[in-house]
Amino acid sequence: MPYLLLAPVVVVMGAILGYPIYNLVTLSLQRYGLFELIQHHGVYIGLHNFASVLHDPVFWHTLLRTVVFTVVNVGLTMGIGTLIALLVVRVSTWVRLLVTAGLVLVWSMPPVVAVQVWQWMTNSQNGVVNYLLTELHVGDYFQHNWYETPFSQLAMTTTLIVWGALPFVVITVYAALSQVPHELIEAAEIDGARSWRIFRDVTMPVITPVLLILASLSILWDFGVFTQPYLLIGQGHIVPANYLMGIYLFEEGYVKTDFGRGAAISILMLAIVAAMSVVYVRRMLRVGETE
Amino acid sequence: MSSRSSHRVVWNVLGVVVFAVMVFPVFWMISTAFKPDDEISSVTPTWFSGSPTLQHFRDALARPYFWADVRNSLIVVLVTVAIAVAFAFLSAVALAKYRFNGRQLFIVLVIGIQMLPAAGLIIPLYVVLARYHQVNALSGVILVYLSTALPFCVWTLRGFILGIPKDLEEAAMVDGSTRLGAFVKILLPLVAPGLVATSVFTFITSWNEYIFARVLLSDSSKQTITVWLSYFLGTSRNIDWGAVMAASTLIAIPVVIFFLLVQRRISFGLTAGAVRG
C-alpha cells in the first residue's frame, strides 16, 4: 500500500530529476555542443571537460568570488536579521504588528519584480537613492553610477538579496525568541546579570538551532543564486570579472552551447552544494525520526 | 520603571525606521506606477503624486505579449499546482501513516533534492527536454516545476497529516470503514488547510520562477510573465519607468494576496523541526 501511494511521486521525480542527473554524468564525459544536441548524440572524450574546467583560471576566480559573496551575504542576512528580531521583541505591540506586516509584504515580492524596483531606485539619472543620499548629506551622489565596477555591481546585488532574505530570517528568529522562558530572563535580571550576559547564556542556547538551520539554508541559496545578479547587473554587462557560480555555469554551458563542459561545471557545483547541505539534511532527518 | 519606558520609546522609533526602510522599495514601486511622466523624470522626486494617473497601467497592458504571457504563466502554475498537490498528498500519507523499507531513503531524497540549486540543473534538463521536444513548450516547464514543487509539498503535507489526532482516524475505522475510507472521510477535511497552504506556496514559487523559464522558453509568445518583465527594460533606450513599475505592481499583486493568506503556515513548515529542537 505505501509503495502504491509513493508511486506517482517516485515516477515523476525519477523521470524529470533522476534521468537528467544520470544524463548529467554521461554528458560531462562527452563533447556535446549544438551539433550533438541536434543529433541527440555526443562524442565520448573521457575526463577532458573536467580537466578543461579545472585548468580554467576563471573557474577558480569565480569559485573564490562566490564563496566570499556567500559569506558576506549570509553574514549580513543573519546578523541584521537577528538584530531586527531582538528589536521586535522589545517594541510595543502596534510597532511589532507594523514591522511584521511590512516584512511579510517584502517577503512576498517576486525576485524579478524586486530587481526592476532596484534598477529604478538606483539608476544614475534620477534614482531616488542618489537623491536621498545627497539630501541626507552622506555625500555628493548626483548622477552616481552604482554599477561601475564588478565590486559595486556585486555589492548592489548583496543589498537586494539581503533585503529580500531578511523577512524569513527575522520572522523565524522572532518565533524562536518567543520560546525563551520569561522566568529565566527575569531571574537573571534579578541576579543582576547584564543584558549581554543574559543574551549569551539564556537566549542564545534556545535560538542557536534555529540560527544554524537558517544559516545553512541561506548558504545554499546564496551560493547557487542566479536571478538577482544576472538581472540586476544586466544581461549585457555580465563579464568574467563579475561571474558568480550560477552565472558562470549558465554562460559557459548554455549561452556558449557547450553542454558537455557545462555538465562538468554543474557536477562540480552540485558536489560542493551537496557537501554543504549534509548538515542541514541530517538535522531535518532527525526531525523526521522523532515524529 | 521610567528608564524602561524611555527605552521602549527608543526601541519603537528604531522599529518604525526598520519598517520604513524595508517597505520603501515596495512603496516606491506603487507610487511611481501612478505618477505622471514629468514627476517620474524629475531629479527631485515627488513622494505622493498630486495628479495620479492610470496611463502606465494602460501602457503596460498594451505591451506586446503581456496577455499571452500571463496566460502562459497561469497555465503552467495551475497545472503544476493540481498535479503536485495531488501526487504529494498520496506520498505524504504513506510517509505519515506507514513504516516501510526505503522510507528513510525516500525522506533523505525529499529533503536533499530541495537543496539542489536550480542553476546546477539547467544543462541536463535542457538537453533531456530537447531530446523529447519539450523545449519551448509549456509542458516542459510544467515538468521541471513539478520536480521542484513535489519534494516541498510532500514534506509540508506530511507535517499536516501528522498533526491530526490518531483517535479521530481510529474512530472512523471502528465505524466499519476501511482504512482508505477513513482517510477520505476524516483526514481529507482536516488536511484541507494544509492542501491550501501547499497549493498557494506552489502557486507563488512557480509564478515567480525565472531561470528555467528563461532557459526553456525562447518564443516571446510562449514565455512566462517573469521572463516578459525581465525583457521590459532592455528593449528601449529611454526607459519608461512608469510602465515598468506599473507592470511590476500588476505581477506582484497576485503573489502578495496569496502570500498574506498562508505566510504563517509556510514559515512554520520550513523550520518546524528547528523550533521544536
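How many residues of chain A are in contact with how many residues of chain B? In this predicted model, in which local features need pLDDT of at least 70, side-chain atom pairs count only at pLDDT 80 or more, and totals for chains, interfaces and linings use all residues, 84 residues of chain A are in contact with 83 residues of chain B, two residues being in contact if their C-beta atoms, placed from the backbone, lie within 7 Å. Residues are numbered from 1 along each chain as its sequence is written, while chains are lettered from A and ligands numbered from 1 in the order in which they are written. The side of chain A that touches chain B comprises 62 nonpolar, 19 polar and 3 charged residues, where Ala, Val, Leu, Ile, Met, Phe, Trp, Tyr, Cys and Pro count as nonpolar, Asp, Glu, Lys and Arg as charged, and the others, Gly among them, as polar.

Val108(B) lies in helix H5 of chain B, and, leaving aside its neighbours within four places in sequence, Val108(B) is in contact with Val281(A) and Leu285(A). Between Val108(B) and Val16(B), which are 92 residues apart in sequence, the C-alpha to C-alpha separation is 42 Å.

Helix H5 (residues 103-113) of chain B packs against helix H7 (residues 138-162) of chain B at an angle of about 120°, with the axes 8 Å apart; helices (H or I, at least four residues) and strands (E, at least two) are DSSP runs, numbered from the N terminus, and axes are lines fitted to C-alpha atoms, for helices over the stretch in contact, with angles running from 0 to 180 degrees between N-to-C directions. H5(B) and H7(B) are therefore oblique to each other, given that angles under 35 degrees count as roughly parallel, over 145 as roughly antiparallel, 65 to 115 as roughly perpendicular and the rest as oblique. The contact is made by Val110(B), Ile111(B) and Ile113(B) of H5(B) together with Pro151(B), Val154(B) and Trp155(B) of H7(B), and its residues divide into 6 nonpolar, no polar and no charged.

Chain A is divided into domain 1 (1-46) and domain 2 (56-290), with bounds from an automatic or database domain assignment. The contact between these domains takes 10 residues from domain 1 of chain A and 8 residues from domain 2 of chain A.
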